[in-house]
Amino acid sequence: MADSNPTPRISVHQALGGGTVADVLLWREWCSGVVMLTLSTMVWYLFERAGYNFLSFMANVLSLLVAILFFWAKSASLLNRSLPSLPNLEISENTVVIITDELHQWINHTLSIAHNIAIARDLKFFLKVAVSLWLVSYIGSLFEFLTLVYIGVILSLSVPVVYDTYQHFIDEKLYVTRRFIQTQYRKIDEMVLRKLPLPSNGGYPLHS
């Protein structure tokens with residue numbers, strides 16, 4: 001029986017940006033993927049299982065690095081060898097502008113959410129935000145922060161390649177799941193949300 005809702009196959013590589021990051025996440029640059037997985041596993045084990053303190057660990061690593069560079073420079077001057085070459089250790093103005101712009105967009109988006117809840121009094125939007133924050137809080141209570149980051153790394157290195165391989169099968173299941181969720185949401189909307197009394201805006205003007 002033919003699929004009544006055929007979806008064209010999308011390029012996961014292009015959806016991920018089509019660059020080096022996409023190659024790593026899809027294991028086309030398998031060496032980089034192995035390095036990323038190994039490093040993240042080592043960091044997670046050191047701080048979550050071995051009990052290392054992050055600040056102490058970073059201080060010890062930097063102290064060791066500074067000592068190596070210092071003695072390398074001293075030995076180079078005594079043996080008439082060239083000094084170790086270091087990159088230009090500074091943040092470019094363009095990088096600062098990009099980071100600032102991203103923070104600006106994120107802060108404005110957060111403020112718009114607060115506006116829709118507090119001023120526009122959008123009940124449905126409020127419930128979506130409340131449920132989302134509850135889910136984040138619940139998941140955060142189950143794992144330590146570093147463990148969540150490690151799980152995110154594992155998922156980023158596994159989900160894209162699995163989806164790229166079994167895209168048609170996964171799309172079918174997602175379509176059925178989405179239809180089920182939409183049906184349940186419409187029932188809740190008709191039976192509960194639309195019957196709730198919504199307060200008027202009163203004397204609060206809405207600014208565009």
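Here is a short chat about a predicted model.

Modeller: Quick heads-up: this model is predicted, so local features need pLDDT of at least 70 and side-chain atom pairs pLDDT 80 or more, while totals for chains, interfaces and linings use all residues. Residues count from 1 along each chain as its sequence is written, and side-chain values use heavy atoms, leaving out hydrogens and water.

Biologist: Is Ser82 buried or exposed?

Modeller: Ser82 sits in the loop between helix 4 (54–78) and helix 5 (93–118); helices here are DSSP runs of H or I, at least four residues, and strands are E runs of at least two, numbered from the N terminus. Buried means under 20% relative accessible area, exposed over 50%, and partly exposed in between, with a 1.4 Å probe and protein chains only. Ser82 has 62% relative accessibility, so it counts as exposed.

Biologist: Where is Trp27 found?

Modeller: Trp27 isn't glycine, yet its phi is positive, near 60 degrees. With a relative accessible area of 28%, Trp27 is partly exposed. Its place is the loop between helix 2 (20–25) and helix 3 (30–49).

Biologist: How accessible is Leu135, and what class does that give?

Modeller: Leu135 lies in helix 6, residues 123–142. Its relative accessibility is 40%, so Leu135 counts as partly exposed.
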